[in-house]
Amino acid sequence: MRAGLIGAIVLKEWLKLRWAWLGLLVLHLLVLAFLFLSLRHQFQVEHSEMIWYWAFELRRLLYESILFLPLLSGTVLAAAQFGPEMIGGRLRLSLHLPVRGDLLLLGWVGFGAALGAVLAALDLAGLYWIVTRFFPAEAAVSAVLTALPWLLGGWVAYFGATLALLEPVPLRRLLYLGLAVAFLALLYRHRGYQEYDGIMPVLIGVALLFVPAVILPAHRYRHRI
């Protein structure tokens, strides 16, 4: 793929996603600011021993405000990137560019996933920094590990929504949505800290299967199968 064409594709994807991504960036910053102020308020109105008891004896999560943020971000990015392409058959025109369709599609989802990864990295860095303001570093590491399934939920939401948008057959579209929702339900069954540590490599491996899976519905869409 020539460098000029790659640059044009990246620019096109950025122009489609920029306002959605910038809006999500502001939302993530606001939620992290809310989390910081909320924790600071709790330490101002309660004894620190009581908050420690809630967090580490009752295993109450103190940072659930970011719980569904990655899921929302993944869904919004997929809708902003592929929703307009499905209107009026624009996607079919794009798939006829002088580039292999599978490489083109992987480039698109790679760009969208990279923008989602930037937001996920912001969440992890912000969560670590906020928790270290009030708890030892070990608690901040635990918070990051606890939040990993939620961030993986953003990946699943992005690729699940992308699959559903690209799929031309309604029944298969419902099947993709069902699989994505079932996977998300599995990722949100936590009841405390670091409950997914042992199974996260398996879950990440399964989630990576979404990447090649997007090629098939796009192929069917292009060839009207």
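**Salt bridges in the predicted model**

Residues K16 and E13 both belong to helix α1, which covers residues 3-45, and they are separated by 3 residues, or about one turn of the helix. In this predicted model, the side chains of these two residues are joined by a salt bridge, with an N to O distance of 3.2 Å. Side chains of opposite charge can pair when their charged atoms come close.

E13 also takes part in a salt bridge with K12, for which the closest N and O atoms are 3.7 Å apart.

A search of the whole structure identified 3 salt bridges. Among them is a pairing between the side chains of E167 and R172, with an N to O distance of 3.8 Å. In this pair, E167 is buried, its relative accessible area being 0%, whereas R172 is partly exposed, with a relative accessible area of 34%. Through salt bridges that share partners, K12, E13 and K16 are joined into one network.

Key:
Residues are numbered from 1 along each chain as its sequence is written. This is a predicted model: local features need pLDDT of at least 70, side-chain atom pairs count only at pLDDT 80 or more; totals for chains, interfaces and linings use all residues. Side-chain values use heavy atoms; hydrogens and water are left out. A salt bridge is a side-chain nitrogen of Lys or Arg within 4 Å of a carboxyl oxygen of Asp or Glu. Helices (H or I, at least four residues) and strands (E, at least two) are DSSP runs, numbered from the N terminus. Buried means under 20% relative accessible area, exposed over 50%, partly exposed in between (1.4 Å probe, protein chains only).
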